[in-house]
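Welcome, and please open the model in your viewer. We will go from selection to selection, with a short note on what is there at each stop.

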Amino acid sequence: MTDIQGLIDSARALYALYGDSILGNEIIADLLHTYKKDIGRTNLMMQHADIVATCSDCAKQGHGSCCMQDVEGWYDTILLLINLLMGVEISDSREIAGHCLFLGKSGCKLTARYFFCVNYLCPRLKSLLGQARAQEFISVAGRELFSGWTVEQSLRKWLNLHAY
Ligand code: SF4
Ligand code: SF4
């Protein structure tokens, strides 16, 4: 089982040591900016297409939400570090028992998320969106994921040169 607390601590340590230098790197800062914009596009579509409302309703029913505890274990130090670089405060305590550590009462507390968290369409969402709208969503979410991947690659390169 993944030691999520250990990964959070490692991300915080990297952020404390290198956060300012990383954010001072023009290339990484630009990539982070683009990634944030693309995340904003996905979030906007989730609101307009009623995905947010549907997922909130699902979460209120207690049993339905797909933000399972196991998912937190799919995160790694780099993705957590990206969240810290984006100003996210990562909490150490679980708000909702039996669910993902990053889940809050109003939804996910992370900004940069793992691909499952971004583009998973459960049967309820598939039926809500229909085929064409689902395709549109996957394409918007795909752009976010690609931007996240480019940030991750440059961050890994930067850390290899300066930190490891
Ligand atoms: S994606 Fe589906 S299962 Fe997951 S929270 Fe939304 S409605 Fe519920
Ligand atoms: S969307 Fe957020 S709260 Fe839900 S499983 Fe993913 S990281 Fe956890």
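Start by selecting H2 and H7: H2 passes H7 in a left-handed crossing, meaning that the near helix is turned anticlockwise from the far one by less than a right angle (clockwise would be right-handed). Helices here (H or I, at least four residues) and strands (E, at least two) are DSSP runs numbered from the N terminus. The contact of H2 with H7 divides into 13 nonpolar, seven polar and six charged residues. In that count Ala, Val, Leu, Ile, Met, Phe, Trp, Tyr, Cys and Pro are nonpolar, Asp, Glu, Lys and Arg are charged, and the others, Gly among them, are polar.

Before moving on, a word on conventions: this is a predicted model, in which local features need pLDDT of at least 70 and side-chain atom pairs count only at pLDDT 80 or more, while totals for chains, interfaces and linings use all residues. Residues are numbered from 1 along each chain as its sequence is written, chains are lettered from A and ligands numbered from 1 in the order in which they are written, and side-chain values use heavy atoms, with hydrogens and water left out.

**The H2–H7 geometry**

Two packed helices are described by the angle between their axes and the distance between the axes. For H2 and H7, the angle is about 160 degrees and the axes are 9 Å apart. That makes H2 roughly antiparallel to H7. Axes are lines fitted to C-alpha atoms, for helices over the stretch in contact, and angles run from 0 to 180 degrees between N-to-C directions. Angles under 35 degrees count as roughly parallel, over 145 as roughly antiparallel, 65 to 115 as roughly perpendicular and the rest as oblique.

**Next, H3 against H7**

Select residues 51-60 for helix H3 and 123-162 for helix H7; their axes come within 11 Å and cross at roughly 150 degrees. H3 is therefore roughly antiparallel to H7. This crossing is left-handed. Show side chains for Ile51, Thr54, Cys55, Asp57 and Cys58 in H3, which meet Arg124, Leu125, Leu128, Leu129 and Phe137 in H7; contact means heavy atoms within 4.5 Å. By class, seven residues of this contact are nonpolar, one is polar and two are charged.

Step back to Asp50, in the loop between H2 and H3. Its phi is near 65 degrees, a positive value in a residue other than glycine. Asp50 counts as partly exposed, at 42% relative accessibility. Buried means under 20% relative accessible area, exposed over 50%, and partly exposed in between (1.4 Å probe, protein chains only).

**Then H5**

Where do the nine residues of H5 stand, buried or exposed? Nine of the nine are buried, and what covers them includes H1, H2 and H7. Beyond its neighbours within four places in sequence, Thr77 is in contact with Leu7, Ser10, Ala11 and Leu14. Just after H5, Gly87 takes a positive phi of about 90 degrees.

Ile78, Leu81, Ile82 and Leu85 of H5 make the contact with Val151, Glu152, Leu155, Arg156 and Leu159 of H7.

**Into the core**

A nonpolar core is a set of buried Ala, Val, Leu, Ile, Met, Phe, Trp, Tyr and Cys residues joined through side-chain atoms within 4.5 Å. The largest one has 34 residues, of which Ile22, Leu80, Ile82, Phe102, Leu155 and Leu159 touch the most other members. Helix H1 (4-23), helix H2 (26-48), helix H5 (77-85) and H7 each give two or more residues to this core. Another core, of eleven residues, lies apart from it and includes Met46, Ile51, Val118 and Leu125.

**Last stop: around strand E1**

Select Cys100, in the loop between H5 and strand E1 (103-104). Cys100 is buried, at 7% relative accessible area. Setting aside residues within four places in sequence, its contacts are Cys67, Met68, Gln69, Glu72 and Arg94. Finish at Leu103, in strand E1, which is buried at 9% relative accessibility. Leu103 and Glu72 are 31 residues apart in sequence, yet 9.5 Å apart in space, C-alpha to C-alpha.
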